[in-house]
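Here is a quick briefing to read with the model open beside you.

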Amino acid sequence: MSVFAYRDGTLCAESVPLPEIAARFGTPCYVYSRAALEGAYRAFETALAGREDLICYAMKANSNIAILDLFARMGAGLDIVSGGELARGLAAGAAPGRIVFSGVGKSEAEIRAGLAAGIRCFNVESASELARIVRVADALGKRAPVSLRVNPDVDPRTHPYISTGLKENKFGVAYDEALALYREAARSPHLDVIGVGFHIGSQLAEVAPFVDALDRLLVLARALEREGIRLRHLDIGGGLGIRYREEQPPAVADYIAAMLERLAGRPFALLLEPGRALVGNAGILLTRVEYLKPGAPHNFAIVDAAMNDLMRPSLYDAWHDILPVARRSGALRRYEVVGPVCETGDFLGRDRDLAIAEGDLLAVMSAGAYGMSMSSNYNSRPRAPEVLVDGAAVHLIRSRETVESLFALERRLPGG
Ligand code: LLP
């Protein structure tokens with residue numbers, strides 16, 4: 001059963017009615033459920049039981065410190081993609097030895113910071129990056145632990161903007177070039193070659209592309225073994241989809257079982273980088289209807305959340321269910337649910353059949369992943385607060401931004 005469910009006609013987060021949260025913290029507001037976060041993590045943990053593994057939460061999905069802390073307490077590591085995420089992860093209490101560093105454009109400063117912190121591994125995405133890591137490690141008198149992120153050239157069959165494992169994508173080392181780069185890396189006194197990995201895309205709805213990618217990497221790993229390059233881990237990235245609407249993504253248990261079956265008898269520790277699957281359905285965006293604007297061809301419901309709060313509908317035409325917080329009787333009407341931002345692309349949902357009145361609360365569902373973390377201040381809109389519900393308790397885990405903070409770093413020109 002979902003942790004977001006109706007009780008006596010009112011939508012609740014665990015046992016807290018959402019109108020209470022709106023009254024206390026205002027809208028728009030992100031609301032997360034601790035039970036849902038922990039449940040999602042446990043599903044991975046249970047499926048992996050008995051195998052040496054490390055679940056490196058892809059913190060780009062939702063990087064609130066409270067959420068990082070919660071996963072760290074459960075034993076998770078982190079997948080990071082910037083110096084900012086490294087600093088944030090360490091501030092949240094993540095163990096450096098459980099952090100892997102992905103991303104196509106690591107700067108020298110970021111590599112230095114990673115080495116200084118003593119992270120578990122750099123997921124290297126190009127020959128030039130490898131050379132840079134060697135230089136930085138040499139200068140610091142350290143050995144850098146590295147794994148190549150290999151682009152296996154498989155089609156994840158997802159939205160083109162979030163597909164990453166095709167050879168036309170910018171990500172990873174080309175499969176055909178990986179062997180030569182491993183040979184070079186293995187010769188360097190400044191590198192510890194410890195793994196291999198892939199990440200082929202996000203919101204995948206099938207297991208087959210993961211299996212194909214894994215099979216290709218296992219072939220590569222065998223070729224490496226023959227040359228005496230023994231890897232300690234294999235990183236299968238993230239990408240498992242969640243249900244937003246009618247998708248039927250594989251259950252975590254089935255996805256992991258398929259991976260483990262392929263890995264049977266192979267000595268690698270298994271690393272994973274799930275993001276969305278851990279947080280996506282653990283959060284909603286709570287918003288209030290400001291105005292109803294009936295008309296032709298569209299009726300508009302203008303709400304107080306916008307594309308700056310949740311970018312996914314505007315950016316990917318992504319679907320998020322939109323539920324009324326208090327069920328009302330009365331005829332359904334078809335609405336475009338839109339925000340106050342001055343863009344035609346500013347919508348949270350199109351063609352939604354709702355019975356609503358001005359002042360009503362709406363819940364934009366499945367907003368725990370890539371919601372707050374992709375938010376912006378466009379139109380000088382302060383970012384929404386984030387609260388985490390734990391049973392009957394409500395914790396504010398990020399305050400609403402103030403308008404003043406939005407221009408605090410700006411300066412007028414001198415004179416005038
Ligand atoms: N590992 C790497 C190297 C990644 O680039 C990503 C996501 C993940 C792991 C986690 O993937 P997940 O398990 O969350 O699918 N903003 C888009 C998603 C972009 C994903 C980017 N990389 C969205 O809102 O759908």
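In which loop is proline 28 found? Proline 28 sits in the loop between helix H1 (18-25) and strand E4 (29-33), and a cis peptide bond with omega of about -5° joins threonine 27 to this proline. Keep in mind that this is a predicted model.

**Cis peptide bonds**

- The bond between threonine 27 and proline 28 is cis, and proline 28 belongs to the H1-E4 loop.
- Further along, alanine 296 is linked to proline 297 by a cis peptide bond with omega near 0°.
- To find proline 297, look in the loop that runs between strand E14 (283-293) and strand E15 (299-303).

- Three strands make an open sheet in the order E1-E2-E3, and the pairing is antiparallel.
- The edges are taken by strand E1 (4-7) and strand E3 (16-17); each has a single partner strand, so one side of each has no neighbour in the sheet.
- E1 and strand E2 (residues 10-13) run antiparallel and are joined by four bridges.
- For a landmark in that pairing, take alanine 5, whose bridge partner in E2 is cysteine 12.
- When you check which way the side chains point, remember that in a regular strand they alternate between the two faces of the sheet.

- Strand E20 (residues 386-390) pairs with strand E21 (residues 393-398) in the antiparallel sense, and five bridges hold the count.
- Opposite aspartate 390 you'll find alanine 393 of E21.
- The hairpin has two residues between its strands, and glycine 391 there takes a positive phi near 70°.

**Helices H2 and H3**

- Helix H2 (residues 34-48) packs with helix H3 (residues 65-73) at an angle of about 45°, and their axes are 11 Å apart.
- On the H2 side, the contact is made by Arg34, Leu37, Glu38 and Tyr41, which meet Ile67, Leu70, Phe71 and Arg73 of H3.
- Sorted by class, that contact of H2 with H3 holds five nonpolar, three charged and no polar residues.

**Helices H8 and H9**

- Helix H8 (residues 208-226) and helix H9 (residues 252-263) cross at roughly 20°, with axes that come within 10 Å.
- That angle makes H8 roughly parallel to H9, because anything under 35 degrees counts that way.
- This crossing of H8 past H9 is right-handed.
- The H8 residues in contact are Phe210, Val211, Leu214, Asp215 and Leu218, and they meet Tyr255, Ala258, Met259, Arg262 and Leu263 of H9.
- Eight of the residues in the contact of H8 with H9 are nonpolar and two are charged, with no polar ones.

**Positive phi at two aspartates**

- Aspartate 153 isn't a glycine, yet its phi is positive at about 55°.
- Aspartate 153 lies in the loop between strand E9 (144-151) and strand E10 (173-174), and its relative accessibility of 31% makes it partly exposed.
- Aspartate 317 also has a positive phi, about 60°, without being a glycine.
- Look for aspartate 317 in the loop between helix H11 (312-316) and strand E16 (322-324), where it is exposed, with a relative accessible area of 58%.

- Is serine 188 buried or exposed? At 13% relative accessibility, serine 188 counts as buried, since the cut-off for buried is under 20%.
- Serine 188 is part of the loop between helix H7 (175-187) and strand E11 (191-197).
- Alanine 264 is exposed, with a relative accessible area of 54%, and its place is the loop between H9 and strand E13 (269-272).
- Alanine 264 and arginine 51 are 213 residues apart in sequence, but their C-alpha atoms are 9.9 Å apart in space.

Conventions
Residues are numbered from 1 along each chain as its sequence is written. This is a predicted model: local features need pLDDT of at least 70, side-chain atom pairs count only at pLDDT 80 or more; totals for chains, interfaces and linings use all residues. Side-chain values use heavy atoms; hydrogens and water are left out. Two strands pair if DSSP finds at least two bridges between them. Axes are lines fitted to C-alpha atoms, for helices over the stretch in contact, and angles run from 0 to 180 degrees between N-to-C directions. Contact means heavy atoms within 4.5 Å. Ala, Val, Leu, Ile, Met, Phe, Trp, Tyr, Cys and Pro count as nonpolar, Asp, Glu, Lys and Arg as charged, and the others, Gly among them, as polar. Angles under 35 degrees count as roughly parallel, over 145 as roughly antiparallel, 65 to 115 as roughly perpendicular and the rest as oblique. A crossing is left-handed if the near helix is turned anticlockwise from the far one by less than a right angle, and right-handed if clockwise. Buried means under 20% relative accessible area, exposed over 50%, partly exposed in between (1.4 Å probe, protein chains only).
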